[in-house]
Amino acid sequence: MSKLETRTDIRASQWLAVALAIAPLLQLLSLDFDRTTPLLLLAPALLVGRRRLAEVWAKLWSTRGLERWLVLWLAGAGLAAAAWSPHTAASAAMAAAWVYIAAGALLAGQLVRVEPRAAGWILGGLAVGGALGSGLVFLLWPLHPMAFPVYFHHRHLGYHALLAAIACTALLVRLPRTA
């Protein structure tokens, strides 16, 4: 692997880390968070990592097993849901968001496979995002005692905190051992 490829892989993982770290902050803005966040945050990472994404897509599509049928089934289900929804535009935007999320997950897996240092960036982004979201909740709670700040529901905070805890554990396991 050349230095340029390595640099590009690290840059793509850094963009993924930024997306994961600042996601809680976008919930404070007055926009449709569920549908627009993946489109806003993952676009730079997918653009920088497009070669790795093309590699994993070609590998996924060339297999004749369960993965190929799962991708086809999910694509068909997303198209059908968007087509027969009473709110077609909103459903199409949500389907696009899920495509971006799946592409981001495929890119993250491929980056970690070819460049192990990318895992540190991606896990770090998850950990920072969880800490930022949890910290904002506890800082803003006194200002809004009747509402749940930052996250739309308390379960979202729980899910994000759980992901952050898993990322922190993975980062700690990766630390070099001293005897």
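How many salt bridges does the count come to by the rule applied here? With a salt bridge taken as a side-chain nitrogen of Lys or Arg within 4 Å of a carboxyl oxygen of Asp or Glu, the count comes to four. The model is a predicted one, in which local features need pLDDT of at least 70 and side-chain atom pairs count only at pLDDT 80 or more, whereas totals for chains, interfaces and linings use all residues. Residues are numbered from 1 along each chain as its sequence is written, and side-chain values use heavy atoms, with hydrogens and water left out.

One of the salt bridges pairs Asp9 with Arg52, with the closest N and O atoms 2.9 Å apart. This pair links distant parts of the chain, as Asp9 belongs to helix α1 and Arg52 to helix α3, 43 residues apart; helices are DSSP runs (H or I, at least four residues), numbered from the N terminus, and strands are runs of E of at least two residues. Both Asp9 and Arg52 are buried, a class defined by under 20% relative accessible area, with exposed meaning over 50% and partly exposed the range in between (1.4 Å probe, protein chains only). Arg52 also meets the side chain of Glu55 in a salt bridge, at 3.0 Å from N to O. Glu55 and Arg52 are three residues apart within helix α3, about one turn of the helix. Glu55 counts as partly exposed because its relative accessible area is 31%, whereas Arg52 counts as buried because its value is 9%. Through shared partners, salt bridges join Asp9, Arg52 and Glu55 into one network. A further salt bridge is formed by Glu115 and Arg117, whose closest N and O atoms lie 2.9 Å apart. The relative accessibility of Glu115 is 8%, and this residue is therefore buried.

The second largest pocket has a volume of about 610 Å³. On a 1 Å grid over the protein atoms alone, a pocket is an open set of points where a 1.4 Å probe fits, with protein on both sides within 12 Å along at least five of seven lines, and lining residues have an atom within 4 Å of a point. Grid points are joined across faces, edges and corners, and the volume is the space filled by probe spheres set on the points. Of the 20 residues lining this pocket, Leu74, Ala75, Trp98, Val99 and Ala102 are the closest to its centre. Two or more lining residues come from each of α3 (50-62), α4 (66-83) and α5 (88-114), and α4 gives the most, with nine residues. By class, the lining comprises 17 nonpolar residues, two polar and one charged, where Ala, Val, Leu, Ile, Met, Phe, Trp, Tyr, Cys and Pro count as nonpolar, Asp, Glu, Lys and Arg as charged, and the others, Gly among them, as polar.

Helix α1 (residues 3-26) contributes the largest share of the patch, four residues. Ile22, placed in helix α1, is partly exposed at 33% relative accessibility.

Val71 lies in helix α4 and is partly exposed at 21% relative accessibility. Val71 and Leu60, eleven residues apart in sequence, have a C-alpha to C-alpha separation of 8.9 Å.
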